[in-house]
Each structure stands twice: as C-alpha cells, then as structure tokens.
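Have the structure open and follow along.

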Amino acid sequence: MAGIIKSDGVRVSNRAKQGGTENINTLHGIYIAEVITNADSLYTGRITVRIADFGSKNTETICLLAVPFGGHTKISDSGKDVTLDSETTVSYGMWPQPPEVGTNVVVAFTSTVEQGIVIGSLIAKDRNAMMGGRSSGNVYANGEVSTGAAMEKNPHDNSDPDAKPLDTHLQSILNQQGLSLDYVRGHSQSSARRESPSKVFGITTRDGHVFTLDDGDETGASKNIRLRTKDGAQILLDDSKGFIFVTTQSGDAWIEMNNEGKVDIYSKGGVNVHTEGDYNVHAKGSINMQAEQGVNIKSTGGDGIKMETTVGGIDVYSALDIKMESAANYHLLVAGNQIIKGTRIDFNGSMAPDSATKPTVQNQTVNDNVLTSVASRVPEHHPWLGVNGVEEKPPVNKGRTA
Amino acid sequence: MPVTNLQSTIDAKNLIDYSLFTNMDATTTNTLVNLSDLEASDKIINFKLRLINWKGYKSTRDGVTTIGYKSTNVDAIAGTGLIESAAYTLYIEMFKDKERIFKKVFPLSTLTQSQYDAMLSLYIATSTFSYVGTEDRKFYILDDIKDRKWDHVATALTLSGLDRTTRQLEAKILMLSDYGSYKDRALIKEQSLQHLIKDYKTNQLTDEQKTQAEYVYYAETNRFLTNMTESKKRLLVKQLS
C-alpha cells in the first residue's frame with residue numbers, strides 16, 4: 001500500500017516512528033478527527049485534521065483522501081513522448097468535494113504509514129436536512145412558518161422543532177419559474193431526514209447542485225430522480241406522478257412528457273427547428289396553428305406547396321384583401337358551378353390588381369449552410385455562432401505540483 | 001488532430017462573407033449621408049423596443065432596477081406603474097439623448113443609414129464603439145470603423161460573446177439592412193400584459209410590484225387583476241378617474 005502511494009508521487013515522508021520501533025506505527029487504527037484545513041497544494045484532496053486522541057502536541061496532521069472508487073492506469077506503462085495521449089496515463093473515478101472545516105471525519109492509520117487516510121465523514125446530529133436532495137419544508141417566512149425552500153436548521157433555534165430558515169436563493173428561483181406551489185417540479189421532498197431508514201440516495205454539492213435518486217416516501221410520493229443545478233436548471237424523472245420534466249433556470253423554456261403520452265413544450269424566446277431531412281408532422285386529430293404576429297410559409301423546392309382535402313372543403317377568410325399572384329398562368333378549374341360575387345367585378349379593367357406580398361426572408365449570418373430563410377433563426381451543426389451562452393475563458397488545471 | 005483556440009482578431013480565417021447574403025435594402029446599405037443629417041430610423045427604434053419589451057412594474061436584474069422599456073428613471077420606478085405609452089416616451093427621450101452624444105463622438109462624418117442605425121444601437125447598449133465582446137475575448141473595432149472595414153466590424157459583432165444575439169442582429173442591420181420582423185407596439189403591449197398576469201399570479205412580485213402591476217393592468221385594459229381586494233379596486237378607479 002505504502003509503495004503504491006509513493007509511486008504516485010504523493011509524499012509520504014516518513015515511515016511511522018511514533019512507537020520507537022522501526023517502521024511500526026503504534027497508532028494504527030481508526031480515529032475520529034476534525035477538519036482543520038481542506039485546501040491541498042497537491043490537488044489530491046488531502047485534508048488537514050486534528051485528532052484529539054493523539055494528545056495536545058502535534059495534533060494537526062495531513063491525511064490522504066480515499067474515494068469510493070477511482071484510479072489511474074499504470075504509471076510504468078507511460079511512454080517517453082510527453083505530448084502523445086497514447087503514452088500517458090488516464091485517471092478516472094469519483095471525485096468528491098472535501099468536507100468543510102469543522103466536519104468530523106473518520107481517519108484510518110495503517111501499521112506502516114505515518115500518514116492517515118480520510119475514509120469518510122460523520123453525520124452530525126441535526127445537521128443533514130439538506131442532504132439527499134435539498135428538500136423544501138417548513139420555513140420561517142414573512143413572520144410565520146410556511147412551506148418553502150429550506151436551509152439547514154439554525155443550531156441556536158430552540159423554538160419550532162422543524163422550521164428552518166428560508167433558502168432565499170432557491171425560493172426566488174422557484175418563484176421565477178412559477179413552481180413555488182409545485183411540490184414535484186419545484187420543491188424537492190427528498191431529504192435525509194424525511195424517514196428512517198432513509199429511502200433517499202443523494203449527492204449535493206456545497207453550493208447547491210443536486211443529484212437525487214429517491215425511492216419515495218411511505219405514501220408513494222416523490223419516487224423520482226432529480227438532477228438540478230443551484231440556479232434551478234433541472235431534469236426530473238418522476239415515477240409517482242408519471243412524467244419527465246426539463247426546465248431552464250428561468251423557467252422560460254421547459255419540456256414535459258407525461259405518462260398519458262402528452263408532450264408539452266413552452267418557450268418564451270422562440271422554438272427553432274432545423275432538419276437536414278424531412279420535417280414530418282402527422283396528427284390523428286387536428287393540426288392547429290395560431291400566430292399572434294403572422295404566418296409565413298415558403299417552399300423553395302420544385303414540389304411547391306400542395307394542399308388537399310379528401311373529405312371536407314377548404315375555407316379561406318381574410319379580414320383584409322386577398323391577393324393572389326402568379327409568375328406564370330392562373331388556372332381555376334371547378335367540377336361544379338363557379339360563383340363570383342362582388343360590388344364590382346373587373347376583367348382586364350383599368351384598375352391593375354395589387355401584387356401579392358411574398359414572405360420576407362431573413363439573413364442567417366451566423367450560419368454556414370442555410371444563409372436565408374423565412375425562419376428568423378435556423379440552428380446548424382456545431383460550431384454554430386448562433387448559440388447565446390458562450391464561455392470564452394479557457395479551462396485551466398494543474399499539471400505537475402511542487 | 002488539429003486544435004484551434006478562440007481568436008480575438010478578424011482575419012481571413014473568420015471573416016464572414018456578407019456578399020453571400022441578401023441585401024434587404026441597397027439604398028440604406030450603400031448611400032452615404034452626412035452624420036449630421038442622419039437620424040435613427042423607425043426600424044431601429046422598433047428593433048430596440050421589441051428586444052427590450054415593456055414591463056409596467058419595476059424589476060431588478062443584476063442589481064439594476066428598471067421599469068417600462070428598461071428605464072432607470074427614479075421617479076418612474078417609484079411611481080404607480082408605467083403604462084406603455086409613457087414608457088415609450090421615456091425611452092425615446094433617453095434614446096435621443098444618447099443619439100446626440102453618439103453624433104458628437106462618432107469618428108466618421110458620413111455613414112449609410114444602416115451603418116448609423118447599427119452603430120447607434122451598439123452605442124446605446126454598450127456606451128462604446130471601441131470594442132465588443134467579453135473581458136476574456138475583446139474585439140477592438142475602432143480602427144476598423146475608422147477604416148470603414150464594415151465586414152470586419154460586423155464579423156466582430158457576430159463573434160462577440162457578450163449579449164451575443166443582439167450584436168449578431170446589429171451586424172445584419174449593418175451589412176444587409178436586415179432589421180428582422182417589425183413588431184407593432186400594440187402587440188408588444190399585449191404580450192407583456194400576458195406576462196404581467198402570469199407574474200402576478202405566481203407569487204413572484206413584491207407588494208410594491210403588485211401595486212404597480214395592478215395599476216398598469218387596469219390603466220391599459222380597464223379590467224382588474226384577479227384576487228384584488230375591493231378596497232384596492234376602488235382606489236384604482238379613483239386614481240384613474
């Protein structure tokens with residue numbers, strides 16, 4: 001074990017000598033420690049802890065971090081060409097955030113290595129309500145206790161046993177998303193303190209990202225998998241109510257698919273679809289379209305535009321003039337009577353008919369492929385300049401440390 | 001395996017060829033006019049309005065409180081709410097003030113209408129025409145403006161990472177007089193009132209915002225928002241009678 005750690009470049013400075021017997025660590029075993037510092041100059045997640053059992057002297061010790069799984073390919077297999085991906089090592093596995101300063105952790109010492117290993121955190125009494133899935137609950141708001149996004153209970157609070165401070169950040173997001181009264185899409189019910197033994201498996205980050213797998217409460221509610229960012233972007237797969245829900249941080253775009261087979265899509269900013277192939281819509285019911293500004297349809301292919309009914313008629317009503325224009329001939333063929341009625345009917349009269357207005361094309365200057373379209377926005381294969389959220393700060397991470 | 005990094009300069013590798021696109025109005029794109037004779041077109045004002053959208057009650061974003069067409073006028077913010085026509089008047093006042101400054105500081109004495117509109121829009125939004133983009137990737141465009149390298153300027157606007165969609169639309173105006181679809185102010189108002197109803201119902205407004213929303217909704221539609229108390233209704237009728 002010690003040899004493997006050393007070969008990874010982690011400094012395990014000394015063989016243990018506390019007991020005076022060479023190479024024997026008389027303090028080997030499991031200890032409870034308190035985190036003093038969680039920053040690590042080696043970026044391996046080492047944690048400085050204080051172990052009360054070690055006495056008052058030299059009580060702060062730097063410990064290695066053990067993760068549930070993970071590793072790297074063999075260092076001895078790496079090649080001499082440092083620029084080639086095929087000649088270096090690959091690391092993989094689970095990477096946790098270190099426990100906060102003040103957290104109690106479990107540290108193990110082996111019989112031969114001086115450096116301890118943090119193998120886990122201890123859950124403090126009444127300090128895990130936000131674990132599992134940052135569940136909502138009873139909160140103090142507007143001078144009373146009501147249901148809202150909840151923080152951890154203040155340890156100095158000896159009044160209401162369950163009420164906690166309001167998580168103002170998450171609550172404001174739920175309000176913005178319109179989900180403040182929705183106890184599935186908005187508020188999470190997944191908490192480590194909902195029942196015991198817990199049905200919740202969850203990972204939450206220090207700042208508030210959440211990944212929860214909840215087997216549901218005793219009534220069968222909240223059986224779901226939730227992936228939510230601190231600012232409210234979310235994917236929710238809910239078995240209790242039978243739907244999949246995806247939303248943005250603002251709630252200005254969301255998609256929901258439910259067990260009845262319905263798909264609902266909402267977009268405040270516009271829905272833009274571009275397919276290199278056909279775009280097929282087939283409804284066994286009706287196709288209903290309405291636009292509050294206008295409807296533009298344009299065909300640029302030789303097939304033109306064809307409309308047919310096989311049973312009913314075609315009705316066209318215009319609140320203003322109807323203008324039809326053809327660059328070639330105009331054919332009007334009816335099997336029955338042709339009925340035209342108007343205040344005045346001009347055939348080749350002195351008054352020239354107005355030209356029809358064509359749909360306005362819009363330039364797609366962020367595109368490489370579709371350059372103009374009646375669509376205001378035509379997404380393309382990436383790299384597509386039309387995307388709005390761009391990050392221009394290049395990624396940085398440490399390579400070799402001192 | 002080629003690896004490329006984001007570049008902050010415009011050259012042959014990233015320059016957009018605007019001759020491939022459709023010029024919507026050759027006159028406004030090509031005819032040079034003395035700067036002193038130019039004025040913002042109705043199209044650019046509509047472009048700005050439909051991007052901003054009217055809001056009858058105050059709201060705060062990134063620490064800045066605004067009302068109407070994103071006006072920071074303190075009296076309007078502290079007032080009873082801002083109906084669309086009043087918000088429009090305030091916006092035009094601000095717009096014209098900025099336009100006067102723009103004319104004084106812009107480095108060229110002649111521009112086409114579309115160049116003028118696009119550069120004015122940029123200036124109103126960012127208060128500069130020296131550069132566009134984020135702190136991590138700035139495109140310095142002043143020299144290109146002075147040299148009338150408009151395709152370079154438009155490409156920089158298109159590649160800009162800050163408020164990207166708006167900059168890209170300004171680039172289309174600049175090069176192609178493509179102002180997008182005109183949106184009537186009546187429709188802007190109608191759609192904003194729909195959002196107001198939703199915001200009011202979903203509990204996300206402060207009491208002050210609610211009072212402004214109630215006022216504006218009644219002033220614009222002569223109808224009350226649902227769940228208003230009778231006393232509030234009577235007060236509104238009195239205020240607006």
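## Helix H9 of chain B

Let's begin with a length check on this predicted model. Helix H9 of chain B runs over residues 185–201, and at 1.5 Å a residue its 17 residues should span 24 Å; the C-alpha atoms at its ends are 24 Å apart, so the two values agree. At the start of H9(B), a side-chain oxygen of B:Asp184 comes to within 2.9 Å of the backbone nitrogen of B:Ala186.

Which residues of H9(B) are buried? They are B:Leu187, B:Ile188, B:Ser192, B:Leu193, B:Leu196, B:Asp199 and B:Tyr200. An α-helix has 3.6 residues a turn, so residues three or four places apart point the same way. The cover over the buried residues of H9(B) includes helix H2 (42–52), strand E2 (55–61) and helix H10 (207–221) of chain B.

## Where H2 meets H5 in chain B

The crossing of H2(B) and H5(B) is right-handed. On the H2(B) side, B:Ile44, B:Phe47 and B:Lys48 make the contact, while H5(B) contributes B:Asp117, B:Ser121, B:Ile124 and B:Ala125. By type, the residues of this contact divide into 4 nonpolar, 1 polar and 2 charged.

B:Phe21 sits in the segment before helix H1 (26–30) of chain B. Is B:Phe21 buried or exposed? Its relative accessibility is 10%, and because buried means under 20%, B:Phe21 counts as buried.

Leaving aside residues up to four places away in sequence, B:Phe21 touches A:Asn363, A:Gln364, A:Thr365, A:Asn367 and A:Leu371 in chain A, together with B:Ile16 and B:Leu176 in chain B.

Over in chain A, the buried residues of H2(A) are A:Leu170, A:Gln171, A:Ile173, A:Leu174, A:Asn175 and A:Gln177. Among the elements covering them are strand E9 (144–149), strand E13 (223–228) and strand E15 (243–247) of chain A. After H2(A) comes A:Gly178, with a positive phi near 75°.

A:Ser180 lies in the loop between helix H2 (168–177) and strand E11 (200–204) of chain A. With 7% relative accessibility, A:Ser180 counts as buried. Its side chain makes a polar contact (3.4 Å) with the side chain of A:Asn175, one of the buried residues of H2(A).

Terms used:
Residues are numbered from 1 along each chain as its sequence is written. Chains are lettered from A and ligands numbered from 1 in the order in which they are written. This is a predicted model: local features need pLDDT of at least 70, side-chain atom pairs count only at pLDDT 80 or more; totals for chains, interfaces and linings use all residues. Side-chain values use heavy atoms; hydrogens and water are left out. Helices (H or I, at least four residues) and strands (E, at least two) are DSSP runs, numbered from the N terminus. The expected span of a helix is 1.5 Å times one less than its number of residues. Buried means under 20% relative accessible area, exposed over 50%, partly exposed in between (1.4 Å probe, protein chains only). Contact means heavy atoms within 4.5 Å. A polar contact is a pair of N or O atoms within 3.5 Å; within protein, one must be able to donate a hydrogen and the other to accept it, and residues adjacent in sequence count only if both atoms are side-chain atoms. A crossing is left-handed if the near helix is turned anticlockwise from the far one by less than a right angle, and right-handed if clockwise. Ala, Val, Leu, Ile, Met, Phe, Trp, Tyr, Cys and Pro count as nonpolar, Asp, Glu, Lys and Arg as charged, and the others, Gly among them, as polar.
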